[in-house]
Amino acid sequence: MVAEDDERIPAAAARPSAFPATRLSVCEAVRSGDPAVRRVGWDALVEAYWKPVCRYVRLRWRADGEEAADLTQGFFARALEKEFFESFDPQRARFRTFLRVCLDGFVANVRQSAARLKRGGGAAPVALEPETAGAPLADGDLDACFHREWVRALFDAAIGDLRARCESEGKRQHFELFRKRDLEAAESDAPPSYDELARDSGLPVTQVTNLLAWARRALREAVLARLRALCASEQEFRDEARALLGFTPP
Amino acid sequence: MSESTPISDRVLAHLREVADAPDLSGTRYDWIEPLGRGGMSTVWRARDRALDRDVALKVLAAPAAAGVAERLVAEAKILARLDHPGIVPVHDVGVLPDGRVFYVMKRVHGRRLDELVRAGANEAERLRILVRVGEAVAFAHAQGVVHCDLKPSNVMVGAFGEVLVLDWGVAKGLASTTSGGGAPMRVGTPGFMAPEQERGDSDAIDAQSDVYSLGALLRALLGERPARPLAAIAAKAMQPEKAARYADVPALLEDLARYQAGEAVRALPEGPGMKLLRLYRQHRVAVWLVAAYLVARAAFIVWGRPGREGG
């Protein structure tokens, strides 16, 4: 696993409950003519993709934590400045793939410019048009790497949503059991049984399983809510949900 | 786990599993763990709280279309009639809050046929299992039900050699026009499903579709160098045109019984040479005993007469 350097995550990316602030998908929102909607879309987009972008840059471009954070920040800043997500066409590719290709192009250009400066050349303009993005779309490994980090970020964020929901609804015990059984114990080769959890928490086993079932349902709802907002179309949402969770949501 | 620490691959895999877990609220079941995942469904070990027993709960991957649930219940009633020692029937059927259909089956223990074959079961054992499968399927046909998804992984062999046919979830009532209770759709497994299933031609799916699948199952069990009569039986069962297949499962089983008894099979017309060869194979020991006797007798006549030596 990659060590994380999240100190510079912008406020939008660190705000767990602000995510599905609009019924529009993120892709639609960032292309909206309404500045307020566009702003919400950007916040959601940065929140969803900051961590995967940062980790992908570290893995794919072998950047250390500091450089990866710089490149991530630079990428989103340039994307916002150039508004190039507006040219995204859902008919041609998934948004995630489009973003990844743009990111590769951005990092390649930054590295190229840095190398040119080292050789004594002047500063060259950095292109960030999707057409000039460097890595080929067909590269399955790159896509798989980015996808893996994207899924990780999605579940990370959904856990944050679950925690926030449990706190707001007075269901701290639900989250505590979920944390013990599904987050901490999942790392262990001998996770505690339901009986042990029941003993530790002073609850009947049936209540432990009920509370856990609720927490897992709520996690699924959070994942699906975030997924729905990130997908450009209903079909993409259903396909992604099937791939992620093994079933097609209604 | 702190907020800034990303979840590990292991935790992520676990979370994806539990998030996929069926929402069984409102039912009498609690899921325990996944038993297996396929392209169309996941099977979970679940607890039936009402009867305090473990069951196998199969959840289809896609939500049911409008009106399908009622037909599924009707199909489940048909399946519940299948009271046969070789059939693991559906106990219950329902629709989850997220629209997915689930089936509840008896949880069985044993080894799947594909695992058994890999472990090196001999031909006689494989044929015995296939015959038991055929008998169970023939019984279902007599009750008006076609399995539609016969394959090695849907056959379980218990510790005492009992053979169980699993997964009647996509079975089709012979009187109905739909499979699995839904709109006409492609059900079955490539390599084992009949051409009419491949086409999604629900009207054409009947008992002979299972004959085809049994042929495919036989072929899968035979290995690379099958006996000619067995290969012929499998080929006849797997004819693309239904008219060229066995008329029904009993006809297929009869041919298998002929092979097991050393008789000629209907799927392979034999000439005099083949007949002699078959008879030789069938009575190999007797043939050699008679031959040895004749040779000894001849030797005795030629060299063994008393008084001949003295001239």
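Start with two neighbouring stretches of chain B: strand 4 (residues 90-95) and strand 5 (residues 100-106) run antiparallel and are joined by 5 bridges. Strands here are DSSP runs (E, at least two residues), helices are DSSP runs too (H or I, at least four residues), and both are numbered from the N terminus. Two strands count as paired if DSSP finds at least two bridges between them. Across from Gly94(B) stands Phe102(B) in strand 5 of chain B. Together strand 4 and strand 5 of chain B make a hairpin, with 4 residues between them. In the turn, Gly99(B) has a positive phi of about 95 degrees.

This is a predicted model, in which local features need pLDDT of at least 70, side-chain atom pairs count only at pLDDT 80 or more, and totals for chains, interfaces and linings use all residues. Residues are numbered from 1 along each chain as its sequence is written, while chains are lettered from A and ligands numbered from 1 in the order in which they are written.

Now move along chain B to a sheet. This open sheet has 3 strands in the order 6-8-9, with antiparallel pairing. Its edges are strand 6 (111-112) and strand 9 (163-165) of chain B, each pairing on one side only. Strand 8 (residues 155-157) of chain B is joined to strand 9 of chain B by 3 bridges. Val157(B) stands opposite Val163(B) in strand 9 of chain B. Helix 4 (residues 123-142) of chain B packs on the sheet and touches strand 8 and strand 9 of chain B. The direction of helix 4 makes about 45 degrees with that of strand 9 of chain B. Such angles run from 0 to 180 degrees between N-to-C directions, and axes are lines fitted to C-alpha atoms, for helices over the stretch in contact.

Chain A is built another way. Chain A has 9 helices and 0 strands.

How far can the model be trusted? pLDDT is the predictor's confidence in each residue, from 0 to 100. Chain B has a mean pLDDT of 83, and 85% of its residues reach 70 or more. In chain B, confidence is lowest in helix 2 (residues 68-80), at a mean of 67. Confidence is highest in helix 8 (residues 249-260) of chain B, at 95. The model scores ipTM 0.73 and pTM 0.59.

Note on methods. Contact = placed C-beta atoms within 7 Å.
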